[in-house]
Protein chains: 4
Amino acid sequence: MIIKLKNNISDLDFKRIENFFIKRGLKLKDASSNEVKLIGVIGDTKSIMESDIMALEGVEHITRIQVPYKKASKVFKPTPTIIDVSGIKIGGDNFVVMAGPCSVESEEQILEVAEACKKAGAQILRGGAFKPRTSPYAFQGLKLEGLDLLLKAKEKTGMPIITEIPSVDLIPRFVKDVDIIQVGARNMQNYQLLKALGEIDKPILLKRGLSATYDEWLMAVEYILAGGNEKVILCERGIRTFESYTRNTLDLQAVLAAKELSHLPVIVDPSHASGRYEMVPQLAKASLAVGADGLIIEVHNNPEFALSDGAQSLKPEKFSILMKELKELAPYFKREIK
Amino acid sequence: MIIKLKNNISDLDFKRIENFFIKRGLKLKDASSNEVKLIGVIGDTKSIMESDIMALEGVEHITRIQVPYKKASKVFKPTPTIIDVSGIKIGGDNFVVMAGPCSVESEEQILEVAEACKKAGAQILRGGAFKPRTSPYAFQGLKLEGLDLLLKAKEKTGMPIITEIPSVDLIPRFVKDVDIIQVGARNMQNYQLLKALGEIDKPILLKRGLSATYDEWLMAVEYILAGGNEKVILCERGIRTFESYTRNTLDLQAVLAAKELSHLPVIVDPSHASGRYEMVPQLAKASLAVGADGLIIEVHNNPEFALSDGAQSLKPEKFSILMKELKELAPYFKREIK
Amino acid sequence: MIIKLKNNISDLDFKRIENFFIKRGLKLKDASSNEVKLIGVIGDTKSIMESDIMALEGVEHITRIQVPYKKASKVFKPTPTIIDVSGIKIGGDNFVVMAGPCSVESEEQILEVAEACKKAGAQILRGGAFKPRTSPYAFQGLKLEGLDLLLKAKEKTGMPIITEIPSVDLIPRFVKDVDIIQVGARNMQNYQLLKALGEIDKPILLKRGLSATYDEWLMAVEYILAGGNEKVILCERGIRTFESYTRNTLDLQAVLAAKELSHLPVIVDPSHASGRYEMVPQLAKASLAVGADGLIIEVHNNPEFALSDGAQSLKPEKFSILMKELKELAPYFKREIK
Amino acid sequence: MIIKLKNNISDLDFKRIENFFIKRGLKLKDASSNEVKLIGVIGDTKSIMESDIMALEGVEHITRIQVPYKKASKVFKPTPTIIDVSGIKIGGDNFVVMAGPCSVESEEQILEVAEACKKAGAQILRGGAFKPRTSPYAFQGLKLEGLDLLLKAKEKTGMPIITEIPSVDLIPRFVKDVDIIQVGARNMQNYQLLKALGEIDKPILLKRGLSATYDEWLMAVEYILAGGNEKVILCERGIRTFESYTRNTLDLQAVLAAKELSHLPVIVDPSHASGRYEMVPQLAKASLAVGADGLIIEVHNNPEFALSDGAQSLKPEKFSILMKELKELAPYFKREIK
């Protein structure tokens, strides 16, 4: 951490700054020139936030030299993390495809979609039981009944399931029944939830927040890892930009950055990113090309009558064609789709 | 709601769209011209989300004509809502000032700051007991101990207290002890929390999310109002922009918009908006000038040694000067600071 | 165009609104329901801007039903435009690669880079002669001398050249010597320049502005097309987001949207998008996968000593490997790299 | 400038970095710790851009310690600049109000509006002759005829005039006839125009670009100052955000920041910021409260029939009330409106 001091800083204020860091077990090193007063702070500064230091009289500007997360960092763990979900590898050579409807709507629907997804080659079944919706008046999911239906689909197809958790109190039930627990974009900084998920032994898929920076995303991961749960899958799902033609804007550089900065697997959600099913196949192929470890895609047998987000769902036939294309393309990128 | 259809829509698809709306008790009205096929949907469309309709084959574009919220809307309740907190009015002629430290740090600190704030003319005491921090390694607040200290300060000064709630499980304790429950920006779309707060009888201060639009903010309010709790105070606290010189960017137009669209009181947090204490006094005066119903300001007796966010805290002397200026200025804007 | 009127609009105001449109040769059609007053405006509304109508007393909201551009639209011209540059096709089956240094720096440099690019398989040579830099004190390009050096490289390699035009007065020189005239992101809404380029017969590559929406981008195109020059190539080069780890954020959905909305070819600039050469190869392959018509890539023989933007330049060896990979991959996407 | 090196940097690469800076007359100072390799660059680094250094093998991250502009900086010139326009002071105690129609439309219109503005207390007349519009099909201003009409209004009322310049070729005419030359937000980084304006002796009002950071804005100023023209007025006019209820989002912190960083006067355009005339009076008062040096406001005698941007124009009666309020309020902020 480098601190630029005001040129007219008083001796007393300098003394105070010195004490501030010494009290926290850190050392200072002078790095000033004739024109600028600079000090370097040496040691582990992760527990100190910039806004706290800015309050010290005489401080003008602070630059963090090291990333603010530790366990999420590639420096801490240089080898890629591969997560095993009932024998399916997430990370490594496997290119995993999770597919299913936005919302679980009925037994018939989820079974039909699950079988179609499985047949096309998806390895993991996705489906929303608890739906966070912008409007309190919109369909909020079948809730626990939806979870039961997902379990039926799992039983019938043998596919592990991933579904979004809405709140801390449901953790015991999700640990028991769900194979990957999804944290939605709006909950990326719900720290109570992240802390609680850090204490369990279950893979977590953490979606990037709508306007989150890479550092904020990895700091949210750090909340989970710090608790002891090391099975985190990152998911890029589009960010908010000024464009309204699409729902969000897919940031494929996020995949590259997350892989440069972290050891965790990264998958892409092209359905929520674009919000337009016509764009999903091409974005899916671009995700494979850029180096993602997999995809999570919305598939619906009857998107016109979906209870949520039909606009971004592929029909099973189109999904099947996409899977065929991905399988052909994968070896080119040294990936395998089983 | 106006729906633009594709020019080449099939009769079957049109029939399906018709059924979709009729099943939901809505009526359709043709509004087409020679060039464009348009239908108007008549009735209460609040429970239908655009993304659901977009999935219907043949739909090209949707325009919502009415706001998606109801109870938060000025159309629903044209008279301004005034919220009473132990005799202090929020809304109406009163210009309320809430002040106190970012975090409660010790008994000595909170008592000293509370008395200074009271003396300067603040009506309500703010102070963080549970601190949501980006880093799991940073100070997370004194938690329940901090709440106890706030109660001591309340007892001693007679000031009602406002503090942020981190999660649903703490609601009973907050209902018992806190006068205004604050929902932080990161929790603006934590729907489980909002729903639970809708079921209690206690004023809620809802901060605008970092990248939230006005509609999203008012939809979050709607979650609380829909549950029956009508005591919501809106708080503009700065949005994320491309600028990094300041922490966030204060959007004073949000105050005007919230008052055009809604009947609820709106206050401003200049401390979090700018993140720089030097800017707070001028932003506070601009907030009064633009028509806000009050302010929430960070004050610290010793900001250099604050455990969080010292950079944006005013010292008691500077806060006292600001209060004097605001009192002089208030009558000009037909406001009163008692 | 659909106009929502205020419910309490006076007869006089309604009359005025009627006249406003009738005077402009447009017709009105009532689309009101019991709850909402709506009128549809029928005819060509392209010359009317929303902000003008909003000024009419009694108007509450306006929705444009048709895109505001005409000649750039796929509706106007459904067949894809293919642009011929000295026999090289931009659009259609050909996947064009333009490559070269950010800035032309010396005869030796440009000749060496040009030959390396040609050898690797690039079809068009890029190179900056006039460099728009944020700082007036930074290197601004070799200017006309740089253009002369580009011509030497063209002569030697036979590659057509593309370079950025800084201002209207240089158009005659550029028409004479340059094969594709590039308009930089910062000039995307420099309307004097766009109008003047509309009057010449030379391909224009129009970069998307840093924060431009798709509509604004296509409206900028419309300025050129409206003048009679129909040879426009769109170029997505990354948009500004909250992320600072990368220079900009590549928006590959822009490629899909531009191809849905327009008939023009679209290429991608992965070098400016990410600003990090390590990311360029993967972004280049993702661009091919998503359906772009080509790439514009920075290549430098000695990026450590580049006079501008070295950080995002590939060395010739790495570029050569990338070209090999793209050539192998192209047929999969029904593209050809000659 | 502080440069973080990769921990595994080779001696050869380090040597190269050293040479890079020594060749440019700069010195290096080691600031490393056990964990991190850091070097400080001492001397004037303004002509070096970060992206150039990032290209050097072995460099991981760069932090600029000093602002990248010089003549615009308060460090360079600590006393506030006051600009004299025919005896009217911009900056200092005077709170200047510039008012007039968005577009000059006819002799009758501009004379009527000018007289109303003057009577209400505006000191400078604004009016667009050349209108940059998003659509090539929208009204583009009366151009030179509009300028002639502005001159008539100046002659009749004695008010100096401000109008926007569209391109370099019109500079001689503007120098002759216009009192303040306005550079529009879209041209903020039109460097050819900025350089040319740096060589004349005439006040320039530089609007902040739609998504420009404070540094980019001040770097654009630097282009003008570097040429020798020191009469620059900054104008905050709203930035693009995710909100579409208003046209743009007014950033009043920009006024405070510009005054902390620079010595130049700063005025606010509440009309373009909000795009809604109902918001203009309150935003105008907030601008005064925050410390702006003045306002530029759209006033139209007949906004319903304005040829551009009527929605954001005040009628003369409302403008007159606003001026009365501002005059009463000004002394409170130690300002004067003559």
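This short talk covers two parts of a predicted model: the interface of chain B and chain A, and the second largest pocket.

I'll take the interface to begin with. On the chain B side, 53 residues are in contact with 53 residues of chain A. The area buried between the two chains comes to about 4700 Å², and carbon and sulfur atoms give 53% of that area.

Now the polar part. Between chain B and chain A there are 19 residue pairs in polar contact, counting pairs with both residues at pLDDT 80 or more. The interface also has 4 salt bridges. One of them joins the side chains of E57(B) and K315(A), at 3.8 Å from N to O.

Which elements of chain B give two or more residues to the side that touches chain A? They are α1 (11-23), α2 (50-53), α6 (191-198) and α7 (214-226). The largest share, 5 residues, comes from α7(B). By residue class, this side of chain B divides into 21 nonpolar, 14 polar and 18 charged.

As for helices, α10 (280-290) of chain B supplies at least two lining residues, and so do α10 (280-290) and α11 (316-329) of chain D.

Conventions:
Residues are numbered from 1 along each chain as its sequence is written. Chains are lettered from A and ligands numbered from 1 in the order in which they are written. This is a predicted model: local features need pLDDT of at least 70, side-chain atom pairs count only at pLDDT 80 or more; totals for chains, interfaces and linings use all residues. Side-chain values use heavy atoms; hydrogens and water are left out. On a 1 Å grid over the protein atoms alone, a cavity is a set of points where a 1.4 Å probe fits but cannot get out, and a pocket is an open set with protein on both sides within 12 Å along at least five of seven lines; lining residues have an atom within 4 Å of a point. Grid points are joined across faces, edges and corners, and a volume is the space filled by probe spheres set on the points. Helices (H or I, at least four residues) and strands (E, at least two) are DSSP runs, numbered from the N terminus. Contact means heavy atoms within 4.5 Å. Buried area is the accessible area (1.4 Å probe) that two parts lose on being put together, summed over both. A polar contact is a pair of N or O atoms within 3.5 Å; within protein, one must be able to donate a hydrogen and the other to accept it, and residues adjacent in sequence count only if both atoms are side-chain atoms. Ala, Val, Leu, Ile, Met, Phe, Trp, Tyr, Cys and Pro count as nonpolar, Asp, Glu, Lys and Arg as charged, and the others, Gly among them, as polar.
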